[in-house]
Number of protein chains: 2
Amino acid sequence: MVVKVYGTAYASPKRVLVCLIEKGIEFETVPIDLIKGEHKSPEYLQLQPFGAVPVIQDGDYTLYESRAIIRYYAEKYKSQGTELLGKTIEERGLVEQWLEVEAQNYHPPIYNLTLHILFASALGFPPDEKIIKESEEKLAKVLDIYEDRLSKSKYLAGEFFSLADLSHLPFTQYLGWSHEQGVYDKEQKACECLVGYISNRPS
Amino acid sequence: MVVKVYGTAYASPKRVLVCLIEKGIEFETVPIDLIKGEHKSPEYLQLQPFGAVPVIQDGDYTLYESRAIIRYYAEKYKSQGTELLGKTIEERGLVEQWLEVEAQNYHPPIYNLTLHILFASALGFPPDEKIIKESEEKLAKVLDIYEDRLSKSKYLAGEFFSLADLSHLPFTQYLGWSHEQGVYDKEQKACECLVGYISNRPS
């Protein structure tokens, strides 16, 4: 059964694609154009009532929320491809901890910076300088903690690559766009930490 | 081994307490006073570098982020107390989906409303009316989707109580405080849906 992944032109669905590739799962992509409002069509809202991407369809099983989808496939194909949840319940606990850190601490500021610095004019609204400043400050604090963590362990959850690292990928490509030089330097350093090891991986 | 839970006077750590109670796990609480800044002490930052609550200590295992902790205990004590992750990988996928919906869609507006309507004056800042209005609108949309979902299945992830339902508890107690009557009505209705079945549960 080939997995259908909706909305893969956007960042969060890429989290799912990277996971499927790491696990060696066949998939096909279904484009959803947010600018044209295809995510608000009645057919799409049947799949994802919040009108967000991604959604997957796997036979008659439908699932949304990218971090739920990656957990599902990491669990379902535990012994296939890269092990992404750790080997013990304690390791999985730490994977979950850093996945939550990504979702709660890393994602909100990097998302706001991406939106207000990179996409505001294309989307037709003025960048909000207050949001940019606050997001830069928040991101800088998070990156300090990452730097410290990654000086003590090879990956976020320990000595093994996991969903927690993988989940950072889609938005980390946008790092390095901040306005303020101090934050920019930290982002560059974090970029090296977060992306460096991934680019050396065979898959 | 008794589990130590830090910061249990606050909402997010209650997510952990409810889970430990459902699983029948012994715990003791360690107070952390955020007003006094105890979460910024060097000792506490060793446990939780972001300075947030909760943290648990279970022997020499330390874990933070409430939703990571509840997943850890639901998995570790799978066959003890209430089953909270579903019985199949597909059921767990849906539990993860609705846990993410709680974290990404429900929590941000209810948190903002709680902060700006209930606690702003106690914390010494003026409530931000723009944030209140936006949060009420976002929350109203989420509650519409919950109402629809809970008209089709008994609990969020299906016919079984799970971490997804449990995770809504700490902030749902603050529902019903919105300014605007239309939102207030929806909240009352959602309150019945979300809390009704829980108050009928033996534990």
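How many residues of chain B are in contact with chain A? In this predicted model, 29 residues of chain B are in contact with 29 residues of chain A.

## The contact between the chains

Chain B and chain A together bury about 2700 Å², and carbon and sulfur atoms account for 63% of that area. Eight residue pairs between chain B and chain A are in polar contact, counting pairs in which both residues have pLDDT 80 or more. The elements that each give two or more residues to the side of chain B that touches chain A are β4 (61–64), α3 (66–76), α4 and α5 (129–152) of chain B. With 13 residues, α4(B) gives the most to this side of chain B, and the residues of the side that touches chain A divide into 15 nonpolar, five polar and nine charged.

Four salt bridges are counted between chain B and chain A. One salt bridge between them joins Glu96(B) to Arg71(A), with the closest N and O atoms 3.6 Å apart.

## The helix α4 of chain B

Within α4(B), a kink of about 45° lies at His107(B), shortly before the proline Pro108(B).

Just after α4(B) comes Gly124(B), which takes a positive phi of about 80°.

Notes: Residues numbered from 1 in each chain as written. Chains lettered and ligands numbered in written order. Predicted model: local features only at pLDDT ≥ 70, side-chain atom pairs only at ≥ 80, totals over all residues. Heavy atoms only, no water. Bend = angle between axes of the 7 residues up to and from the residue. Helix = DSSP H or I, 4+ residues; strand = E, 2+ residues; numbered from the N terminus. Contact = heavy atoms within 4.5 Å. Buried area = accessible area lost by both parts, 1.4 Å probe. Salt bridge = Lys/Arg side-chain N within 4 Å of Asp/Glu carboxyl O. Polar contact = N/O pair within 3.5 Å; in protein donor to acceptor, adjacent residues only side chain to side chain. Nonpolar A, V, L, I, M, F, W, Y, C, P; charged D, E, K, R; others polar.
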